[in-house]
Each structure stands twice: as C-alpha cells, then as structure tokens.
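Student: I would like to learn how to read pockets and helix packing in a model. Can we work through one together?

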Amino acid sequence: MDFPFEPYRIKVVERIHRVSREERAAHLERAGFNVFKVPSDAIYVDLLTDSGTSAMSDLQWGALMTGDEAYACSRSFADFESTIKDIFGYAHVIPTHQGRAAEGLLFSVMLKEGDVVPNNIHFDTTRANVEHVGATALDCVCDEGLDPTLEAPFKGNMSLAKLRRAFERYGRERIPLVMLTITNNSGGGQPVSLANVREVAAFCREMGVPLVFDACRFAENAWFIQQREAGCADKTILEICREMFALGEGCTMSAKKDALVNIGGFLCLNDPELAREVTNLLILREGFPTYGGLAGRDLAAVAQGLREVLDPDYLAYRIGQVARLGRRLDELGVPFLRPAGGHAIYLDARKALPHIPQEEFPAQVFTAALYLEGGVRAVEIGSLMFEHKDPETGRMVHPAMELVRLAVPRRVYTHTQLDYVAEICARVMELGKRLVGLEITYQPPALRHFTASLRPLGAAGLIREA
Ligand SMILES: *Cc1c(COP(=O)(O)O)cnc(C)c1O
C-alpha cells in the first residue's frame, strides 16, 4: 500500500484549469522563460513554494469569523499567546506579519557590524537580515548535509566541529547568538536530531551564548525525530517540541509554514530585557504588541493551525505525501537529492540534463520545460539564483548543485495530482538532449531570479526537433 492516509475530507474546492500547450508556450515566451512571471491562473499544479499556500481547516476558517479585532489585548491574541507558550515554552511571544520581520527585529536589537551568526544553513531572508546590519551569516551544517546522494536520517544537523572553529576564529564577543533551522530548508528540508540540538545547546551554554531556533517547520522536524531517532518513538510530537525548544532561548517563526496559514509570524524570547527592546521596535515598525502587523482573525487562525499541525495523523500524511512523490520519481528514473525532504523534493538538474553546462542554466531549463509540458510550476535553485562574482578573482562562480525544488503546499493537492507531476518530470527527462540551454536577456542587480528574462539559445525554442 502506498497511500498516505488523508486525515480529512474536502469541504471547499477551488477550480483550477489546464490551459492548452499553445497557451503555455505563449505564457512562457511572455514570461521570459521565468515561471515567477507566469499568471497563476495559467498553472495547473503550483509547487513554487509551501509558504503561505496551505489550505486552512474548517476550524481555522471559523476562527477568522470569530477573531477579535480589538486594537489592544484582543481575545485572539490571548489564544495565540497561550497556544504558543504551551508548545514552545518561551516567556515572551511577539507577533509579526512574517518570519523575516521577526528576524529583522531580533537582529536589529542583538547584532552590530562585524558580528557573526552561525546556523546550520541560513535561509535566504535570514542571511539577508544578518547581512543588512553588517554582520556575517556563517553556515555550519554537517558534511553529510552537503552530499546530495547520501541517504542519512539527519542531514540538517549542525557540525559541532565547525561551530567550535567559528568561536575560535571569531571569538565569543563577536557571536551574540547561534541559530538552528528546523528543518533545514536551504539544505533540502532535512531534519535536525534531538541529540544534535542537545549537543549544540550544551556548547552554547558553555560559551554563554543563546541558541535561537528558526522554527518554520518545527512540527515536520519533530515528526522526523519521532520516526527516526533512537528512544523517541514513544514520545508525542508535543513532547518532542517541548523538549527541543527547552534547549534554546527563543525562536523566529514564519506562520506561513507549520502554522498552516497564509500570512503571519512570531518571535519568542526568554530574556525579558531583550523582549522589551524588541517590543519597542515592534511598535515602531509592525504595530501594537498584541497584534504586530496582523489582524485579530489572523492570530486566531495561527493559534488553531498550531494545534492542528501537531496531529500525528496529519504529519504522517504530510511527510508521507512528499515521500510518495519521491518514490514515484524513483520508479520513473528522475534523479533528486536524497532523502526526500519534509516539505519538498529537490530534483538534480545536472544529472537530468548533463549536456547543458551551468552557464546555460540547466535547472531553469528543467523548470521551464515542466511548465511547458504540463503546466507544473517549480522553482530553480541553481545558477540563476546563486551564481555570483568572486570578489577576489572577479570570475563568475556557480553553485555546487543545480536543483529544481518541488515544494508541496500543505493539504492542497491530491496524490493523483502529484502522480501527474511525477509523470511530467519523467516526460521532461525523456526530452533529454532535445532541450536547449538558456541565456539571460534582462537581469536586475540583486535577487535576479525573481524578475530576470531569458531566451533559448537555439532558433527553434526550448525544444529542438527530434
Ligand atoms: C520562509 C522562511 C523564513 C522567512 O519567513 P517569511 O514568512 O517568508 O518572511 C525564514 N526561515 C525559513 C527556514 C523559512 O523557510
């Protein structure tokens, strides 16, 4: 049996369309072969991101209606705060409109120019917010986490050796906090073990430096711990979460992930002084301390989503669905980063299209072809996103991997739709050498992958005649 059991039935549906191949070709042309610029109405299965794309439950939609919109001290904030304290256990809960706002507030208060922040792998907004205040974002993931073909249970773990080296090299004074991203999004959605959290926390305590979690996918991480870590099978998801968060001093959170809502975030802290400073900045930038840039109904939906995400049946379905997509791709011979992540599959475009050099954006070619062949939207995580000029040699440097991320929104697509995605991936593999590389015709100075335009290098378009 290969049917991750869906612990819900469908109450509301949203019509989507499969537009014709001619229309898709025209959309792709107009979008400059960049699927960020294709209208969502022209997409059949949208796996661009799992962020803010969850389907809310009947209870969450109900909470939107009963949300309390009082400016100060609303009932919905009380529910939000007590639910978060129950799971995360931190003394202070600060609502924000997104995860990056929580990061921005925390770093504005904790960091100064020249500081260094170690993390397993910084997510791009985290890195950008660290760098925004003139500090350095340092990635210390274990070596296993950098090998795309290795099957290992906890490839998100922090390397203690790399962390220790960072303290030796930069000195404790320049490291105001250590972060741990659970699951490790930029490293393939791989989990961090409880044992590793314990080790990192013990080291941080020894150094007198707080450990702060980037907790976006905390429930998915807890589920991996329950399934894979020795001695954890009998613990509940809530017990694992409490044990994990008790080892740190706070967390940043994007509610658009494991709080199962479309917008929202929060920051938790134990230190009362730090919490007061952050709250003062919050009032300036986001809003009063009991809403922080969100509506009362948003807070209510987050609180309900956090209760639902701890359901082991939900998590078994959620992570099972992503794993099942991985098994389909295996059967069809489509290569991807091992093992399947909690929220996404990362296809290996260098392996899939070895004839296209990195200068010609193989992962973007694969992404464009997925849309052209089947109306499937993925996202390129390769040279278009990460190619950069080496400051010393002035030469362009390509990233180690050319990946195509298939991020699965929570509770949104059926197994059938994901089977379809796997078939389209296989069809793109079959096109193989007929697919031609791309060149850039427009790029902005920063974060180019969002708005760049490209064109196929051959006269005949993306696919050469057989
Ligand atoms: C999404 C995400 C963020 C940023 O959250 P936003 O709500 O998009 O601002 C930070 N860290 C990780 C690991 C994420 O996945």
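This is a predicted model: local features need pLDDT of at least 70, side-chain atom pairs count only at pLDDT 80 or more; totals for chains, interfaces and linings use all residues.

Tutor: Start with the lining of the second largest pocket: its residues divide into 17 nonpolar, nine polar and twelve charged.

Student: How many residues line the second largest pocket, and which lie nearest its centre?

Tutor: The lining has 38 residues. Nearest the centre are Val12, Glu14, Ala55, Arg411 and Val412. The space in this pocket is about 1,500 Å³.

Student: Which helix gives the largest share of the lining?

Tutor: Helix H2, residues 58–66, with three residues.

Student: Now helix packing. At what angle do H12 and H16 pack?

Tutor: About 30 degrees, with the axes 9 Å apart. H12 spans residues 312–331 and H16 spans residues 415–431. Angles under 35 degrees count as roughly parallel, so H12 is roughly parallel to H16. Their crossing is right-handed.

Student: Which residues make that contact?

Tutor: H12 brings Tyr317, Gln321, Arg324, Leu325, Arg328 and Leu329. H16 brings His415, Leu418, Asp419, Ala422 and Cys425. By class, six are nonpolar, two polar and three charged.

Student: At what angle do H8 and H12 cross?

Tutor: Roughly 90 degrees, and the axes come within 10 Å. H8 covers residues 218–228. An angle of 65 to 115 degrees counts as roughly perpendicular, so H8 is roughly perpendicular to H12.

Student: What makes up the contact of H8 with H12?

Tutor: From H8, Ala219, Glu220, Trp223 and Phe224. From H12, Pro312, Leu315, Ala316, Arg318 and Ile319. Seven of these residues are nonpolar, none polar and two charged.

Key: Residues are numbered from 1 along each chain as its sequence is written. Side-chain values use heavy atoms; hydrogens and water are left out. Axes are lines fitted to C-alpha atoms, for helices over the stretch in contact, and angles run from 0 to 180 degrees between N-to-C directions. Helices (H or I, at least four residues) and strands (E, at least two) are DSSP runs, numbered from the N terminus. Angles under 35 degrees count as roughly parallel, over 145 as roughly antiparallel, 65 to 115 as roughly perpendicular and the rest as oblique. A crossing is left-handed if the near helix is turned anticlockwise from the far one by less than a right angle, and right-handed if clockwise. Contact means heavy atoms within 4.5 Å. Ala, Val, Leu, Ile, Met, Phe, Trp, Tyr, Cys and Pro count as nonpolar, Asp, Glu, Lys and Arg as charged, and the others, Gly among them, as polar. On a 1 Å grid over the protein atoms alone, a cavity is a set of points where a 1.4 Å probe fits but cannot get out, and a pocket is an open set with protein on both sides within 12 Å along at least five of seven lines; lining residues have an atom within 4 Å of a point. Grid points are joined across faces, edges and corners, and a volume is the space filled by probe spheres set on the points.
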